[in-house]
Structures are given as C-alpha cells and as structure tokens.
Amino acid sequence: MKRFNCLFVVLGISISCCFSCKKEADDVTKTDSDSGYAEADYKPGAVLSGYKNYTKIYVGDLNCPIILSSPHDGTVAPANIPDRQDGVVVRDIYATDLTLRMADSIKALTGLRPHVVINELSRKKLDPNRSLAEAYLTHEDAKTAWNDYHNFIIMARTLVTKHVGKGLYLDMHGHGHDIARIEVGYLLTSAELNSTDTQINQLANKSSIFSISKESAYSFSQLINGDNSFGALLQNRGLRAIPSNRAGDRSPNSDPYFNGGYCTSAYGSSKLGGPVSAIQLETPGPNVRNTATLRQSSGGKIARAILEYMKLHYAMDLAK
Ligand SMILES: [Zn+2]
C-alpha cells in the first residue's frame, strides 16, 4: 500500500508539473515587462537591443514568414548575475553564427530577410528556452533579459501573423550526442516517434506544426517521416536528420533525441493551432557547426530545405 501511495504522489507531481508548464507555454502572448519598443520601432533591417545588449532582434522584412532564434550560444557572463545552479549550462557553440548564415541564405534566395532573435548571455546566467515558472532565474537582470528575448519573439510572431498571415519559427540549437545528425523537434516524444504511422497520424494536434499539418496534402506521419518531411528534405541535401525517411533515422529508438523545448511549445501551433508553426533544430557539431566552412555550407542547405518545406506544405513559394 505504501508503494502505491508513493507512486500516486510521484504521478501527481509529474502530472501537475506537465500541466503547469504546458499551460504557461500555450498562453504566452506577452511577458510581464516589455522591452520598451513599440511595434512601429520594428522597422525592416533594424537591429533592436534589449536591456544591456543581452538580447537582440534583427528585424526582418514584413512580408517574410520566417523567424529564427538562437538561445544558447551566448558568451556574456556578468559577475553580478549569479550562475544558475540547476539545469543544463552547456553552450551551443556556433549556433548563432549558423543561424545568421541561414538568415543570409534565405535573404539571398528569396530577397526576404527573416526575423532573427539572439540571446548573448551565457547559459550559465540565463536559459531563455525555459519558462520563468521553472525558477532558473535568480537576478533581476536575467529576468529582464528573459522578458526581452520573449518579447522579441512575440513581436516577430505578431508581425508575421499581421503581414503574412502564417509562418514558420525555427529554434536553433547544437547538441553533443554521439550520432551526428540533425534532431528535428516537433514536440513528439521518442516513444511517439517510435510508434506506427497509424498512431503518429493521431498526434498532429499536439505537435508544434499543427497548423502546417492542416494545410499540407500529406498525412501527418508523412510530414514526420515521409519523403517530404523536413528531415527528408535535409537528408536530400546531405544533412543527416531524424526523424526522416532514411532507414535508421526514421525514429530515435533508444538513442538520445531532443524533441523541442519551451519556445517550440510556446510559439508553435500545438493544440490551439495558431498561424505560426515551430520546429526545433538540434544540430551536430562535426558535420554541421564546427567550422566556418561547414556552417556556410550547412546554413545554405538548411535554408533551402526550409523554403522547399514551405512550398510543399504551406503553399508559400518564396524563392526568387
Ligand atoms: Zn540548445
């Protein structure tokens, strides 16, 4: 009996944590404080900085439907902000440079500059891909930077919704897993990705690409692991990716895999089906990020995959 009670307590805590985190992620429309910018300040080509330059947004063209962000490659470590004591503090090295090269490629291919949001603070001081409710922040400066970062993404999403009507947000990361492949996160767990296509087809409304799935002519499982999935479009360009159509990369099985974090949940189209979908891209170092040559090449390939994906599934032909 004691064992059952214990199990119920653990289950209760887990369930309430899931619900509280999820609820906050779904409800994000504005953070507690704003960054001091009005919508009119978000002029295409402008670079707006948050408090003490800890965060910034490169404002994209108003008719560009793409938003990029890099939360974990910051190097600024002010002594007055205490180090975080819980959670991951590893830097996603070169993720910001890769993100900016992707933005340059999108601009070159379409004439449209995407919105790009960057966190410059070290992950030891701030992890913007976590909710405030997780209490990772112990200093007002870090809290202000968190608010700035999220207000920039919220405004980018607002601009996309207002001027284009629908869009795609990609949250860029770097992982150190043994298998050097891009981990494409839609909020589906490894167990869900390991299931049958029939089962996967029931999961569209809990994924971060729910709004895309409603427009695409392909089944939801095809969007996840088919020949026209985002992972497959990366594989076609020589970038190994999971989930995708390639044998061995269809689902994670028991291998480590990141399925999407706070921002993918908060700013994608899960459940409510808002007009902006989100994908988290966890990139490997050895074949994607570790050298400038690799980043230039892979940035261009990822940009092309994004454009093909939006044409295939979102009826948006952005190429020049
Ligand atoms: Zn990361």
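# Fold report on a predicted model

Of the 320 residues of the protein, 48% count as buried, where buried denotes 20 or more other C-beta atoms within 10 Å of a residue's own, exposed 12 or fewer, and partly exposed the range in between, with C-beta atoms placed from the backbone. The model is predicted: local features need pLDDT of at least 70 and side-chain atom pairs count only at pLDDT 80 or more, whereas totals for chains, interfaces and linings use all residues. Residue numbers start from 1 along each chain as its sequence is written.

The protein has 11 helices and eight strands; these are DSSP runs numbered from the N terminus, helices being H or I with at least four residues and strands E with at least two. Among contacts with a separation of 6 or more, 73% join residues 24 or more positions apart, a contact being a pair of C-beta atoms, placed from the backbone, that lie within 7 Å.

**The sheet**

The eight strands make an open sheet of mixed pairing, ordered β1-β2-β4-β3-β5-β8-β6-β7; two strands pair if DSSP finds at least two bridges between them. The edges are held by β1 (47–49) and β7 (241–242), each of which has a single partner strand, so one side of each lacks a neighbour in the sheet.

Strand β3 (residues 66–70) is joined by four bridges to β5 (residues 167–175), to which it runs parallel. Four bridges also join β3 to β4, and this pair runs parallel. On the β5 side, I67 has Y169 as its bridge partner, and S69 stands opposite D171. On the β4 side, the bridge partner of S70 is I118. Five of the five residues of β3 are buried: I66, L68 and S70 cover one face, and I67 and S69 the other.

Helix α2 (residues 95–110) lies across β3, β4 (115–119), β5 and β8 (276–284), and runs at about 165° to β3. Such angles run from 0 to 180 degrees between N-to-C directions, with axes fitted as lines to C-alpha atoms, for helices over the stretch in contact.

Helix α11 (residues 292–314) has 23 residues, which at 1.5 Å a residue should span 33 Å; its end C-alpha atoms are 31 Å apart, which agrees. The expected span is 1.5 Å times one less than the number of residues. Buried residues of α11 include R295, G299, I302, I306 and Y309.

The axes of α2 and α11 are 8 Å apart and meet at an angle of about 55°. The two helices are therefore oblique to each other, given that angles under 35 degrees count as roughly parallel, over 145 as roughly antiparallel, 65 to 115 as roughly perpendicular and the rest as oblique. Their crossing is right-handed, that is, the near helix is turned clockwise from the far one by less than a right angle, anticlockwise being left-handed. Residues in this contact include D97, L98, R101 and M102 of α2, and R295, Q296, S298 and G299 of α11.

**Backbone exceptions**

Most residues other than glycine have a negative phi, and most peptide bonds are trans.

| Residue | Phi |
|---|---|
| Y94 | about 70° |
| L187 | about 80° |
| A315 | about 55° |

Y94 lies in the loop between β3 and α2 and counts as buried because it has 21 C-beta neighbours inside 10 Å. L187 belongs to the loop between β6 (182–185) and α4 (190–193); with 24 C-beta neighbours inside 10 Å, L187 is likewise buried. A cis peptide bond, with omega about -5°, joins I242 and P243, and P243 sits in the loop between β7 and α9 (262–267).

How values were computed. Contact = placed C-beta atoms within 7 Å.
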